[in-house]
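Reader: Hi! Could we look through this structure together?
Author: Happy to, here it comes.

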Amino acid sequence: MTASDSEFDNNKIPVKKLWQVIIASSVGTVIEWYDFYIFGSLSAIISLSFFPKDDPTAAFISTLAAFGAGFVARPFGGIIFGRLGDRIGRKYTFLLTLILMGGSTFAIAFIPSYSDIGLVAPAILLLLRIIQGLALGGEYGGAATYVAEYAPDAHRGKYTAYIQTTATLGFFVSIIVILICQKIMGEAEFKDWGWRIPFALSGILVIVSYFIRRNMHESPLFARLKKEGRLSENPLREAFASKSNRRLMLIAMFGAIVGQGVVWHTGQFYAQIFINKILMVDFTTTNLIIAASLVVGTPLFVVFGSLSDRVGRKKIMLGGMALAAILYYPLFAWMSDIVGQEGTLIDGAYHLTTTGTVKLAFICILLVTFAAMAYGPIAAFLVELFPTKIRYTSLSIPYHFANGVFGGCAPFVATWLGAVTHSNFSGIFYPITLAALTVIIGAIYLPETKGRAIMD
């Protein structure tokens, strides 16, 4: 190895430097996920402000559709910002996505309601939601690639798993901020206008994250390619021009990411909707249950990411999806039984006994565990699958297409299925089916990438 090679060897990065990279990347990514998921956490309340109130179910489903629009926009963000990340660098690209995400979230706080400006209100909401989706489409791929290109080959699953925790942490922070605001203001005032405060807080968080990130250096592998003049002239064209790379993107999408996407979103977001909107458990109890499950479950992303460094990415990811496909129906049915046995209907909502609350939290911890298995190792897997000069693009497109279209729309599709069939459980067959199909495809076609050197 020459002196030049040694300078860019990701296996020789000091641990202190690696942790600085992880923290700087994670802080910004947590904030972006907070921005993205605060919308979902408040969807039931937002629906009353931006859509007609005469049909609450239709208003809620319309809000979920707007929520889903952000996910549909994610693959387009992956295309746009993936190309930028492979051309100008990982660091500058996810600085831009941070600003876009934070700005659009901050703006949602100031949209007039439907009663003030009519259909213009949901139109503006939808536009800002699409901008959020585009920004997130560039953020995740940049953060995962950036950390992975610093991480040593033997521990890449462990270190990239910290980026995997950021989605759950962002969701958790959104819930905590909502509960605090509601507690301080009171439920009626919070539903009237106080829900805007969590969106407005995004402006402060983004400014803090920007100053943390702006002093970061470019990843060593990208810096090496740039120094040697080997950057891709057209990453998008190269990603699709190569038959082998197209095949890898399809295998990654349908053999891993589709199942991971529905398992993650069902285990956290649809679980929240199911408990609050379908089983009619009161808002505060629902969010405390979800928050408790996230506190217990979040470290498991790192546990399974680290474990994948020893036993392989494929076994753990497919194992989590298989468990979800097998156990979702009995677990969601159990939740319904618990509410029926341990809940008391007061003012249109079920209030649970302590035992009932603990039982629901236990089930939600299991759901987060399946998500941690499927999601914890996947950043390392995707980074190891693609070549450095088109990695950001090749990773972002299948990841955000599968997560955006299939995973992100899972709460909307499941809720819609329940509404049209008048069944509490018909919606759960959407993630069950996709998780099962992903396990079958992945078992046949998915390669094992554990331990691969990613400097090519």
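Reader: Thanks! Is Thr166 buried or exposed?
Author: Thr166 counts as buried, because its relative accessibility is 0%. Buried means under 20% relative accessible area, exposed means over 50%, and partly exposed lies in between (1.4 Å probe, protein chains only). One note before we go on: this is a predicted model, where local features need pLDDT of at least 70, side-chain atom pairs count only at pLDDT 80 or more, and totals for chains, interfaces and linings use all residues. Residues are numbered from 1 along each chain as its sequence is written, and side-chain values use heavy atoms, with hydrogens and water left out.

Reader: Which helix is Thr166 in?
Author: Thr166 lies in α8, residues 156-185. Helices here are DSSP runs of H or I with at least four residues, numbered from the N terminus.

Reader: And what is Thr166 in contact with?
Author: Setting aside neighbours within four places in sequence, Thr166 is in contact with Ser26, Thr29, Val30 and Trp33. Contact means heavy atoms within 4.5 Å.

Reader: New topic: at what angle do α15 and α16 pack?
Author: The angle between α15 (residues 283-311) and α16 (residues 313-342) is about 135 degrees, and their axes are 7 Å apart. Axes are lines fitted to C-alpha atoms over the stretch in contact, with angles from 0 to 180 degrees between N-to-C directions. That makes α15 oblique to α16; angles under 35 degrees count as roughly parallel, over 145 as roughly antiparallel, 65 to 115 as roughly perpendicular and the rest as oblique.

Reader: Which residues meet there?
Author: Among them, Phe304 and Leu307 are on the α15 side, and Arg313 and Ile316 are on the α16 side.

Note on methods:
Helix = DSSP H or I, 4+ residues; strand = E, 2+ residues; numbered from the N terminus.
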